[in-house]
Amino acid sequence: MFKLVAFGLGLLAPAWAQDGFSATYDNTRQVKLKGPITRIDWVNPHAYVFVNVMDANKTIANWAVQIGNPLDLERGGWKRSTVKIGDVVSVDGYPARGDALQAFAKSVVLARTGAKVFTMAATKRTAAPAAAPAPRWPDGQIRLGPPPGKKGYWGAASANALVERTSGAPIPMNSEGLLTNISDADRVAPMQPWAKAIYEYRQRRLLQDDPFTRCLPPGGPRQFQTPHGFQFVEQRELGRILVLLGGGDRNWRVIYTDGRPAGQGDDAVLTYYGTSVGKWEKDTLVVDVTGFNERFWFANGGLPHTEALHLTERFSRPDLNTLKYEVTVDDPRTYTRPWTGGWNIQWVPDQDIQEYFCEENAETTFVR
Amino acid sequence: MRSVELRQLFLGAALVYLAVAIGFAQQGHPLTGTWSGDWGATPAQRNQVTLVLSWDGKQVSGIMNPGPDSVQLSSVYLDPTTWTVRIEADAKDGSGKPAHISAEGRLDDISSYHRKLSGTWKQGTTNGDFKLTRD
């Protein structure tokens, strides 16, 4: 039901989260609530049940209990009708930071039956489908999308954040890229002093300033680590590849493969996804990306960048189920040298990306 | 106005606020941009100041009061461990005599697009303070 990635003590965050879990909830505290459900908010990005809770003074307070993303909940067996308004439930969860009457449920138990209708538990990643060769076009070039006549999309990434690829031990962090030890910042990337200070500032603020959690586009490598996956649509006759993103606001990016030169004019508008020009080097698509604005975080965890950011992305598909993503980051205004990181992404066969919009229930998420 | 309409109005206003807040998160180098404010020896005696700063990867450069009377900043230094900023420039006073500017301040509200920079400002023989906000 929930994908949890735990590193170290007390650093748990739902792997699907786009709302800034660590900034919103305090997972070092617990809250237990009991009362009747007064409302069910079953929409993206986060489903809520609202519970009237009576305290020792007989005063009733209405709590908003977040139970996760409805698409993930449906995959886990929860249905819209699993609980009804008026059902009395017991909730065990993490309270919100501050005074808000809001909690993130670890479990929800239906009082009349004692049945645990919801449990936040670690879920094994879906087993990879049977190995098969990477699909190819008639001319032998690798296909980045589904095999002919099939469905599917790219899903979970094998890493939580972009870090420089070294031979050192993995850097402990949660699924949002929040470091277990801030002293590991030096191991993440070769940052200039100002960039390291900004990175640590963002980390200490538990990533609460992240533009992505306010639904701005996930430009750069981050688009391949968001919840709900992505898809390539190769329009070979048009000389371009569309990258359709299932997370964020379901927007898209264009990679031109029509032979145009890399880069863009100095006066071009700077954008969230930049200007992407790709070419195939044997079985690897190499994409040169420039022209980024500075209004987003290009990786989980708050790595900074400037308008000088230049990415070189390398996509390869060694088999049907695996996409290898590697990116070289070159931003001399932010980093002391170019550096490289990457991860693998797993194919989700026979399914389509489901509808997901970042702020569909903004009323509950933000206005409360 | 009915309560439903009031609620919709409130929601709309909140979303507008969110949309504004979205664009106001700090990105890039924290000094890059245009800063407006004033300096002066007393609260009543203020002089408007505009700084335009940019970062090339090695140093911050900039000008003060862009236009025909602009002044090139001779040095701008940021200490990211304390978020303190030192600015030096050679300007002229009201009578046209050289007046060295030496300002030292601190960045505040760093996560905001409209972050603040304030501190002490010495121009010629006059000591005062300054307050700038990133536009």
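**Exercise 1.** Determine how β3(A) and strand β4 (residues 47-54) of chain A pair, and over how many bridges.

*Solution.* Step 1: β3(A) and β4(A) pair in the antiparallel sense over 4 bridges; two strands count as paired if DSSP finds at least two bridges between them. Strands here are DSSP runs (E, at least two residues), and helices are runs of H or I with at least four residues, both numbered from the N terminus. Step 2: A:I40 faces A:V49 of β4(A). Step 3: a hairpin of 5 residues connects β3(A) to β4(A).

The model is predicted: local features need pLDDT of at least 70, side-chain atom pairs count only at pLDDT 80 or more, and totals for chains, interfaces and linings use all residues. Residues are numbered from 1 along each chain as its sequence is written, while chains are lettered from A and ligands numbered from 1 in the order in which they are written.

**Exercise 2.** Identify the strand that 6 bridges join to β3 (residues 31-41) of chain A.

*Solution.* Step 1: the strand is β6 (residues 88-95) of chain A, antiparallel to β3(A). Step 2: within β6(A), A:V91 stands opposite A:L33.

**Exercise 3.** Classify A:P211 as buried or exposed.

*Solution.* Step 1: A:P211 belongs to the loop between α4 (193-204) and β10 (230-235) of chain A. Step 2: a residue is buried if 20 or more other C-beta atoms, placed from the backbone, lie within 10 Å of its own, exposed if 12 or fewer, and partly exposed in between. Step 3: A:P211 is buried because 21 other C-beta atoms lie within 10 Å.
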